[in-house]
Amino acid sequence: MENFTFYSPTYFVFGRDTENQAGSLVKRFGGSRVLIHYGGGSAVRSGLIDRVSSSLRAECLDFFCLGGVKPNPRSGLVYEGIELCRREKVDFILAVGGGSVIDSSKAIAAGTVYEGDFWDFYSGKRIEQALPVGTVLTISAAGSEGSPDSVITKEDGMFKRGASGDAIRPRFSILNPTLTQTLPPYQTAAGITDIMAHLYERYLTNTKEVEVTDRMIEALLLTMIHEGPRAVADSGNYDARANIMWAGMMAHNNSCGVGRSQDWNSHNIEHELSALYDCAHGAGLAVTMPAVFTYVMKHDVMRFAQAAVRIWGCQMDFANPEATAREGIERFRSFLCSIGMPRNFAELGAKEEDIPALVNALCRGDGRQGTISGFVTLDEEDCAKIYRLMV
Ligand code: NZQ
Ligand code: ZN
């Protein structure tokens, strides 16, 4: 295991009706002038924004609202939010929504207290300071409710990039599984896929002897395999949604990723798909992961074989571990299809003729030098081959 530090200061409040504590939590964590940031409408339609606003009023907090965050959130609204926060002297940002809303909130939080262009953070500068952010989560997926990360798409060029820093870890996150019961099955499944991707991206490591985190990841993946189909089949299944919600947080607050190298090639390759086609991030990952895994499998066949046996219940073929590894990848692909995720470019709405543009944006866009690195370092030719495996 490698040396590491781990700082996860988020205060979690989990369970039914917990959104009514938003006002008291904002106060407890020092907010007095609050920006409530939300998405395209689901949180308004469900009455959640009204309930959260009432709880802020009950604590005599001043607040402003900024809605309209799109999935795969854009830089334009971030600039608008930064201006609003500076103008109104906002001192706390309350994100009410999914990963997109939370990531947009984190970008605004960092940008408001930074003199330069907030995009600097998405071009590699680490976030050291930000306004405090709290969240009321409405979809189990991105894990942004416990992570130090934010992903934004720059409209000029449509580059989708991430930024990071402990300063943007939420001060508190309210996790009420009933809020996720209004999600359509496709969105639920996309979230499940993203959670599984966050686990796999950590499982694919070049660090040896990391049994504790290997076993934690396996436990969470087995939970997703059990609970995922139950939530997709019955949106009202509270227990399935509760287990998925907590698994989604643990999958990405990095408790499973400490002390080991991680991959993230699947995420980088997918981000170009959701940037170009505006598809759900999880749906893009469902098509991306089996292709990436198949392409890089030979780098460490035994790691994929271990996943096949421990996670997918395959029998180890000691004479031919590659066959076991392949079977594990196929079982993963079938699982994703069984919950309604796309299998290939056509089902995702992607086009083969766009592959050169995807590769260029991935390997050269926004200052990159021709490769992406993770479990394996991939150059432009590798990435083109991987995209072709998805066709
Ligand atoms: O905008 P509204 O109307 O709210 O609709 C949203 C949106 O259309 C809808 N939705 C959310 N909660 C709902 C609901 N509909 C009905 N009932 C509810 N309770 O779901 C759609 C998707 O929402 P979004 O926030 O985009 O989903 P998700 O949480 O999957 O976030 C995706 C974004 O997170 C990024 C992704 O790249 C993508 O941009 N990621 C962020 C990470 C992080 N910050 O750590 C890591 C991830 O790997 C990921 O890259
Ligand atoms: Zn993700």
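These notebook entries record what I looked up around the two ligands of a predicted model.

**Conventions.** I number residues from 1 along each chain as written, and letter chains from A and number ligands from 1 in the order written. Because this is a predicted model, local features need pLDDT of at least 70 and side-chain atom pairs pLDDT 80 or more, while totals for chains, interfaces and linings use all residues; side-chain values use heavy atoms, without hydrogens and water.

I listed 32 residues around ligand 1 (a heavy atom within 4 Å). Gly-40, Ser-42, Gly-99, Ser-100 and His-198 come nearest. Domain 1 (11–179) and domain 2 (185–389) both contribute to this shell, so ligand 1 lies between them; the bounds come from an automatic or database domain assignment.

I looked for N or O pairs within 3.5 Å. Oxygen atoms of ligand 1 lie 2.6 Å from a side-chain N or O atom of Ser-100 and 3.0 Å from one of Ser-147. A polar backbone atom of Gly-41 is 3.1 Å from an oxygen atom of the ligand.

**Zinc ion.** I found ligand 2 coordinated by Asp-194 (OD), His-198 (NE2), His-267 (NE2) and His-281 (NE2) at 2.0 to 2.2 Å. Donors are N, O and S atoms within 2.8 Å of the metal (3.2 Å for Na, K and Ca); water is not among the atoms, so sites may look incomplete. Their spacing along the chain is D-x3-H-x68-H-x13-H. His-198 belongs to helix α6 and His-267 to helix α9, so this pair ties together parts 69 residues apart in sequence; helices are DSSP runs (H or I, at least four residues), numbered from the N terminus.

Conventions. A polar contact is a pair of N or O atoms within 3.5 Å; within protein, one must be able to donate a hydrogen and the other to accept it, and residues adjacent in sequence count only if both atoms are side-chain atoms. Helices (H or I, at least four residues) and strands (E, at least two) are DSSP runs, numbered from the N terminus.
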